[in-house]
Amino acid sequence: RRPPRSTLSSSSAASDVYKRQERDYAAWERSKMKRDDPDWKHKKGSTTESVEADKYIETIKKVKEEELEAVNSAQALWTKSRTDVKDDEYKEFYKHISHDFDEPLSWSHNKVEGKLEYTSLLYLPKKPPFDLYNRETPKGLKLYVQRVFIMDDAEQFLPLYLRFVKGIVDSNDLPLNVSREILQEDEKVTSIRNALTKRVLTMLADMAKKDGAKYQEFWDEFGEVIKEGMGEDFSNRDSIAKLLRFSSNKSGEQEKKVVSLGDYLGRKAKDQKSIYYICAESFEKASQSPHLEIFKQKDIEVLFLFDRIDEWMMSMLTEHEEHPLVDVMRGDVKLPGETEEKDDNRETVSNENNDKNDDKQVNEVLEQLYPQDKVDEIFKIFSSSSISHSSNNPNPFYLLEVNRLFASVKMNTVL
């Protein structure tokens with residue numbers, strides 16, 4: 001509809017605009033009349049305005065007949081075949097969705113068809129975000145339904161210990177009006193979650209097998225987070241255990257965690273039935289522990305665990321491939337080649353060499369110098385079969401304090 005004249009400005013510019021609008025509107029009316037009545041031109045006669053209208057109509061027809069170029073020809077990256085997407089495109093897309101300046105360490109592009117139909121594109125970053133250890137921070141994948149964006153940070157598709165994974169999931173089975181409450185109760189979401197979790201763990205296992213250096217780079221950054229999965233994901237506990245890395249007394253003076261449970265079992269003694277480990281506050285304290293003396297003498301490997309989460313994790317990881325994990329700080333550690341009969345004989349000999357009266361005298365002296373809990377600790381330490389009282393023991397407590405205390409009651413020691 002033409003605007004009323006009262007709304008137009010009286011300036012010359014406004015007048016020119018109005019004249020153009022009048023001319024265009026007149027041309028549109030004539031073209032409409034011509035479409036409705038083919039003889040309109042002959043009835044009205046050829047005028048200048050009718051000729052302009054005819055030219056306008058011919059121009060429109062010519063444009064429609066020509067092949068038009070699509071302005072928006074972009075296609076969602078994850079909807080393409082993997083063979084049609086270059087590595088540079090994958091890397092640029094990762095930077096776009098993660099806002100990360102670094103390139104991804106690895107990625108997995110997968111399309112599933114069958115009972116469920118969805119596409120996933122998952123990325124492993126090189127460096128952890130600053131809020132990685134804040135479990136309350138929003139995290140998760142970008143959710144699309146039939147290529148329609150639904151939400152950021154859909155945390156229902158991956159467990160919490162894989163919160164560092166970035167990417168998208170596009171499902172054709174979920175409704176477009178899906179909400180976070182629906183996602184938590186939908187069985188389809190649970191199935192997709194289980195499949196994506198296994199996909200990530202498989203991707204990490206393949207990386208560890210094919211490129212150990214790249215996996216070591218990943219473990220140094222995200223290893224402690226992966227350990228959370230031992231207590232959170234019982235169905236994939238065996239897969240997670242194969243991804244764990246530790247230091248050991250055979251890895252030299254290096255603090256780096258490079259020993260897997262598979263490596264440990266591959267070089268264990270023939271008659272060794274257990275996996276030995278020790279928990280400590282640091283690598284130095286673990287490597288200098290007096291409990292390692294007997295294991296060094298028998299050339300038995302002991303894993304060092306000194307991360308904050310390790311002690312909690314080992315309460316969940318009790319065995320691996322039918323080999324129990326044993327803490328060497330326990331007093332009842334059974335070494336390879338030892339039987340129950342040998343253990344009983346050793347305890348009998350030990351009891352014969354220690355007179356009850358001497359024990360009572362030692363206890364009285366210790367109670368005068370130390371609190372009762374310290375006294376109990378001393379007897380507990382010396383009753384442990386895993387401690388060798390050798391002159392090479394680096395702990396000065398054994399070399400000085402205990403030796404002086406035992407000498408004060410005229411006892412012979414083996415220090």
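Strand β7 (residues 275-279) and strand β8 (residues 303-305) are paired in the parallel sense over three bridges; strands are DSSP runs of E of at least two residues, and helices are runs of H or I of at least four, numbered from the N terminus. Two strands count as paired if DSSP finds at least two bridges between them. The structure is a predicted model, in which local features need pLDDT of at least 70, side-chain atom pairs count only at pLDDT 80 or more, and totals for chains, interfaces and linings use all residues. Residues are numbered from 1 along each chain as its sequence is written, and side-chain values use heavy atoms, with hydrogens and water left out.

Within this pair, Ile278 stands opposite Phe304 in β8. Both strands belong to an open sheet of five strands with mixed pairing, in the order β6-β8-β7-β10-β9. Because β6 (247-248) and β9 (319-320) stand at the edges with a single partner strand each, one side of each is left without a neighbour in the sheet.

Beyond its neighbours within four places in sequence, Phe164 is in contact (heavy atoms within 4.5 Å) with Leu124, Pro125, Leu132, Phe218, Phe222, Val225 and Ile226.
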